[in-house]
Amino acid sequence: MSRVAGLTVALAVAGLAGCGGIKPVPPGQHAMATADVRNAALATYIKPGDLDTYYLFYSGGHSGQVYVAGVPSMRHIATIPVFAPYPGTGYGYDEESRRMLGGFTWGDVHHPALSKTDGDYDGRWLFVNDNANNRIARIDLRDFKTRQILGPIPNTMGNHGSSMVTNNTEYVLVATRFSVPWASEYAPLEEYATKFHGAVTGIRIDPKDGTMSVGWQIMTPPFDWDLGATGKGASDGWAFWTSYNSERATGKLEQTASRKDRDYIAVVNWKAAEQAMRAGKTAPVVGVPMIDPAKVPGVMYLLPCGKSPHGVDVDPSGDYVICSGKLQPTSTVFSFARIRDAIARREFSGNEDGIPVIRYESALMLEVPVGLGPLHTQFDGKGYAYTSLYVESAIAKWKLPPYAPGVDPKSLVVDKIPVQFNVGHLVVAGGDTRHPQGTYLVAMNKMSRGRHLNVGPSIPESSQLIDITGEKMTMIYEAYTDPEPHFAQLVRREVLKPIEFYPKEESRDPNAVWQPKDAKVTRNAATHTVEGKVYAIRSFYEPSRIQVQEGDTVILHITNAEQERDEIHGFGITAFDRNVVVDPGETKTVKLVARKSGVYPYYCTNFCSALHQEMQGYLEVVPAGRMMALYTGNQGEMHAAPPRDLAVQEETQ
């Protein structure tokens, strides 16, 4: 079978948009490949062993995870667990990740953001927000693992307006979705307009290791802050968020919060906020330096924008700020230079809680009629913007400034392409950096109805890959994703430098063991605690037998001593709800309480070799009051002996 003919079958089943709908392909029958199908196949096919050009990091919504795919193949490569346990990698079962999760069992991942240097992705970290539990996480792209979860962030309820990374990763900026009375105080909803608050927060990033900490906060009126973007170029040092509910309404917001013709963009000078914090122009609120923008001029302004906006985006030059109000069919282009001039000339139309409102006409450049339900905009670096149209289920391509005097705004929309269906976010390769690649666009659609085999009432979301290299956009592939993608980052593979294993020389874990002879088990009789250092390698554990007394607390540090890529070992122990997966060169800790006597197998849960099945052992929980015949901790030797001769080291304090 030729390469193209073979691809025709898969593509016909996958159902490329623009190919005339979905028809089941009977076994053995190949659809005839039309020219557009052949071209799409050749554009997306990655033969076995070849590599994709891009990494796609997309949010997993309330699954709490981040997914990794390759582009253009759109093949799912990995799941990075962040805010929810994930047995596939043992995340949430070892002590380190359990401690990081902080007792939460889920999160609502919305907006991943890559770290940047001089406005371009630098491949160090990926930040993601938890809309549900007011947290933010940092994923280290050296090993694709979550290394820190910060939060819940004080004075924050609904961390939706993040993660927005500044030009050189000085901060990750976040904003609240819900307004509440702070410090757990109570106020009835009738007092919402005056006693409820929102906040914008600067999460400081340590430039050496990415460690996050809360830097400062800005108090805001009780609007619902939505999405944000950081400035670049001329607008470096500034940030922007959209809001809805400038009416300060409660109840059914669908009705009560759509009465005004315009809502607001928050225009924040984060460098001025940083200076205000250092100058002590703050008051602590729940331990966080809080800036009141009415008392510290120059930190925050409001700018009217289309009704009920969702996305606000800054073009690659940093000269233009694009806002799309989803209840009006236009994307509004603001000039940052005009914003600055309006501020300098104090061209304000009023204020909200003492925060100046910039006169709309002073900052406006043009309203572009892109279509129905505009949400988010990305850029290709070639002078064009791409806006997702939720109501219209389409992507609009339109021209960025500069514009000729008197230009017809309708003429600026140069192309549209339908998507299936109800697109939310979209991402262009490097589309929020200073240098977008202008190659691929991924539309993240809320539905995929009728485009795949029936899987029952619940259907996956769809991600569609669009070629944007030509004058016209071309749909070339679609894939399906777990719920629910919100945003993504698309970065060239050369930018990332992931490791293949953890070098033994870099291990700083005092509980790591690199030789079978160093494995040992220690029992503290006074505290009824057993601590073991377990050596794991193909295809055995050392020790393979561990005895504890009923009621003991058991802490096991498991080192995978392999120094080879993908030689991963698991440690699943029945009856204790633990499954630890340890990568080569890594040490992880599992803790449990042996509440009930019995004999409990432990085994490797990650296939590791032909003798993977034989990689097992037993945890013996000796009934209380019964003498133990303890294991030496090395060489597989057993001793049936009174306590004074036990090979397990007995501590008495």
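Predicted model: local features only at pLDDT ≥ 70, side-chain atom pairs only at ≥ 80, totals over all residues.
Residues are numbered from 1 along each chain as its sequence is written, and side-chain values use heavy atoms, with hydrogens and water left out. Local features need pLDDT of at least 70 and side-chain atom pairs count only at pLDDT 80 or more, while totals for chains, interfaces and linings use all residues.

Let's start with helix 2, residues 35-44. Helices (H or I, at least four residues) and strands (E, at least two) are DSSP runs, numbered from the N terminus. V37, A40, A41 and T44 are the buried residues to look at here, where buried means under 20% relative accessible area, exposed over 50%, and partly exposed in between (1.4 Å probe, protein chains only). They sit on the same side of helix 2 because they cover an arc of only 100° around the axis, taking the directions from the helix axis to the C-beta atoms. An α-helix has 3.6 residues a turn, so residues three or four places apart point the same way.

Next, the nonpolar cores. A core here is a set of buried Ala, Val, Leu, Ile, Met, Phe, Trp, Tyr and Cys residues joined through side-chain atoms within 4.5 Å. The largest one has 27 residues, and I218, W241 and M300 have the most contacts inside it. Several elements each supply at least two of its residues, including strand 10 (171-178), strand 12 (212-220), strand 14 (238-244) and strand 18 (300-306). Helix 6 gives the most, with 5 residues. To see how I218 is surrounded, skip its neighbours within four places in sequence: I218 is then in contact with G198, A199, V200, V268, A273, M290, I291, P293, V299 and M300, contact meaning heavy atoms within 4.5 Å. Apart from this core lies another, of 25 residues, among them A536, F571, C604 and C608.

T242 is found in strand 14 and is buried, with a relative accessible area of 0%. Beyond four places in sequence, the contacts of T242 include W225, D226, Y264, H310 and C323. R262, in strand 15, is partly exposed at 29% relative accessibility. R262 touches S246, P304, C305, G306, K307, Q328, Y360 and E367, again not counting residues up to four places away in sequence.

Now for the charges. Searching the whole structure turns up 28 salt bridges, each a side-chain nitrogen of Lys or Arg within 4 Å of a carboxyl oxygen of Asp or Glu. In one of them, R248 pairs with E352, the closest N and O atoms being 2.9 Å apart. That pair links distant parts of the chain, 104 residues apart: R248 is in the loop between strand 14 and helix 5 (253-256), and E352 is in strand 22 (residues 348-352). R248 is buried at 15% relative accessible area, and E352 is buried too, at 12%.

E392 and K416 meet in another salt bridge, at 2.7 Å from N to O. E392 lies in the loop between strand 26 (384-389) and strand 27 (394-399) and K416 in strand 28 (residues 413-418), so the pair ties together parts 24 residues apart in sequence. E392 is partly exposed at 29%, and K416 is partly exposed at 35%. For E347 and R345, the closest N and O atoms are 3.8 Å apart; E347 is partly exposed at 26%, whereas R345 is exposed at 58%. Elsewhere, R538, E562, E564 and E567 are linked in a network of salt bridges.

Finally, the spaces. On a 1 Å grid over the protein atoms alone, a cavity is a set of points where a 1.4 Å probe fits but cannot get out, and a pocket is an open set with protein on both sides within 12 Å along at least five of seven lines; lining residues have an atom within 4 Å of a point. Grid points are joined across faces, edges and corners, and a volume is the space filled by probe spheres set on the points. The second largest pocket holds about 490 Å³. It is lined by 22 residues, with H160, R177, D226, H310 and K326 closest to its centre. Strand 13 provides the largest share of that lining, 3 residues.

The count of cavities of 30 Å³ or more comes to 1. The largest cavity has about 340 Å³ of space, and of its 27 lining residues, M164, G228, D313, D432 and F487 are the closest to its centre. Among the elements giving two or more residues to this lining are strand 13, strand 19 (309-314) and strand 29.
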